[in-house]
Amino acid sequence: MLDYLVRNACLNGENALVDLAVADGKIVEIAQSITGDAPSFDAAGQLISCGFVESHIHLDKACILDRAKNETGTLQGAISAVANAKSCFTEDDIYARGARVIEKAITEGTNAVRTHVEIDPGIGLAGFNALKRLKADYAWAMDIEICVFPQEGLFNYPGTEELLREALDSGADLLGGCPYMDTDPHGQILRLFEMARDYDVDLDFHLDFDLDASWRHLDEVAKQSIAFGWQGRVMIGHVTKLSVLPKPELEDTIAIMRDAGIGLTVLPATDLFLTGRDHDHSVPCGVAPAHKLAGHGLCCTIATNNVLNPFTPYGDCSLSRMANLYANVSQLATEAELENCFAMVSDAPAKLLGRSSKIAVGEAASFIVLPAQSRAQVVSEISRPIWGMKAGRVTFEHPAAKLFRP
């Protein structure tokens with residue numbers, strides 16, 4: 001007995017349209033003209049893909065422009081504004097704002113996220129507890145992975161390590177870091193690797209978020225990745241310093257990251273908004289060249305980072321738009337280049353979060369329908385999904401626009 005049929009679907013790499021049969025939450029058949037009287041959806045020749053995967057977002061501090069303004073437009077201005085607003089955050093407030101963003105993301109085709117949450121004595125575990133509730137309440141449509149991290153420092157904020165450990169004891173999925181906010185950056189990096197080993201969790205650092213190429217913390221993260229045997233278990237986000245490296249230095253850095261098994265998450269909306277505020281002309285974009293690193297086999301993803309807050313005062317949770325933004329800034333246009341941008345919001349982050357991105361018999365029936373015939377077209381046209389399913393259950397629908405001709 002079938003639970004659902006999707007008819008006339010375009011699959012990446014296939015020439016003919018196919019039907020997909022769904023039963024017990026899985027794809028049980030892919031073929032042309034599957035017979036059955038189960039409820040059905042006509043894809044009408046449109047592309048079916050795994051859902052988008054958001055690899056770096058901050059649900060706990062989303063949607064706070066009404067209470068937090070970045071007066072300078074800089075990274076420090078954003079951190080300061082959020083730190084001041086955070087003192088008034090409550091668990092229920094964080095839950096409500098996080099739910100607003102999750103629901104936006106679901107209707108934009110995202111069905112898995114890695115969210116960072118700030119932990120320190122000022123906020124305690126309010127954000128973490130809110131995200132645990134969100135993780136449970138939205139499991140029907142979204143897999144949520146929680147990364148706890150010390151946004152305001154570790155050694156300079158006594159009590160933070162104990163709270164991070166409490167969160168890891170209570171089910172946090174992985175550990176993040178922010179060395180540039182610490183009085184002892186290398187000490188923070190080492191301590192986080194020690195904690196990751198203690199709890200057997202992956203690491204995801206906010207790193208090297210400026211344009212001064214004369215120093216960086218990437219090398220220390222690479223050194224400890226090798227020392228602790230954590231290759232393939234470390235991601236670094238932002239790393240705007242990479243955007244100003246000459247080709248030889250970038251190639252050396254890629255080799256260092258490959259040896260250490262470190263991946264990169266690029267956050268174009270935030271990095272564009274905050275970078276280069278001290279320039280009155282020839283303003284640098286500050287977006288790391290993730291496509292070049294991906295071309296050398298590194299795990300690279302494109303993500304949203306923040307939504308409607310002092311770090312990024314806009315956002316609609318559309319990863320097809322974010323992939324397009326990255327392609328535009330990086331001046332990418334060929335079919336292969338745009339296909340790679342799509343992969344950085346689907347295949348690569350899915351693998352990072354331990355999920356399959358395959359549309360195949362035996363895989364979970366978790367996919368979206370996009371008004372396009374190729375993955376490159378999705379990026380070039382910012383195609384928004386019109387329908388989606390997770391584990392065999394329909395989770396959203398975007399009716400097609402209608403024209404009313406005279």
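**Rings and charges in a predicted model**

Biologist: Why is Phe41 called buried?

Modeller: In this predicted model, Phe41 has a relative accessible area of 14%. Buried means under 20%, so Phe41 counts as buried.

Biologist: What makes Trp387 buried?

Modeller: The relative accessibility of Trp387 is 2%. The limit is under 20%, so Trp387 counts as buried.

Biologist: How many aromatic pairs are there in the whole structure?

Modeller: A search finds eight. Phe41 and Trp387 form an aromatic pair.

Biologist: Why is the pair of Phe41 and Trp387 called stacked?

Modeller: The ring centres are 4.3 Å apart, with 10 degrees between the planes. Rings pair if their centres lie within 6.5 Å, and planes under 30 degrees apart count as stacked.

Biologist: Why is the pair of Phe273 and Tyr314 called edge-to-face?

Modeller: Their ring centres lie 5.8 Å apart, and their planes are at 85 degrees. Planes over 60 degrees apart count as edge-to-face, so this pair is edge-to-face. The pair also links distant parts of the chain: Phe273 is in helix 8, Tyr314 is in the loop between strand 13 and helix 10, and they are 41 residues apart.

Biologist: Are Phe273 and Tyr314 buried or partly exposed?

Modeller: Phe273 has 19% relative accessibility. That value is under 20%, so Phe273 counts as buried. Tyr314 has 39%, which falls between 20% and 50%, so Tyr314 counts as partly exposed.

Biologist: How do you know that Arg277 lies over the face of Phe273?

Modeller: Arg277 is at 4.6 Å from the ring centre of Phe273, and the distance cut-off is within 6 Å. The charged end of Arg233 sits over the ring of Trp230, 4.4 Å from its centre.

Biologist: Which residues do ring pairs link into a cluster?

Modeller: The cluster holds Tyr4, Phe41, Phe367 and Trp387.

Biologist: Why is Glu220 said to have no salt bridge?

Modeller: The nearest side chain of opposite charge to the buried Glu220 is Lys223, 4.2 Å away.

Biologist: What does Glu220 contact instead?

Modeller: Glu220, in helix 6, has a side-chain polar contact of 2.9 Å with Gln224. Not counting residues up to four places away in sequence, Glu220 touches His186 and Ile189.

Key. Residues are numbered from 1 along each chain as its sequence is written. This is a predicted model: local features need pLDDT of at least 70, side-chain atom pairs count only at pLDDT 80 or more; totals for chains, interfaces and linings use all residues. Side-chain values use heavy atoms; hydrogens and water are left out. Rings of Phe, Tyr and Trp (its six-membered ring) pair if their centres lie within 6.5 Å; planes under 30 degrees apart count as stacked, over 60 as edge-to-face and the rest as tilted. Buried means under 20% relative accessible area, exposed over 50%, partly exposed in between (1.4 Å probe, protein chains only). Helices (H or I, at least four residues) and strands (E, at least two) are DSSP runs, numbered from the N terminus. A charge sits over a ring if NZ of Lys or CZ of Arg is within 6 Å of the ring centre and within 35 degrees of the ring normal. Lys and Arg count as positive and Asp and Glu as negative; His and the chain ends are not counted. A salt bridge is a side-chain nitrogen of Lys or Arg within 4 Å of a carboxyl oxygen of Asp or Glu. A polar contact is a pair of N or O atoms within 3.5 Å; within protein, one must be able to donate a hydrogen and the other to accept it, and residues adjacent in sequence count only if both atoms are side-chain atoms. Contact means heavy atoms within 4.5 Å.
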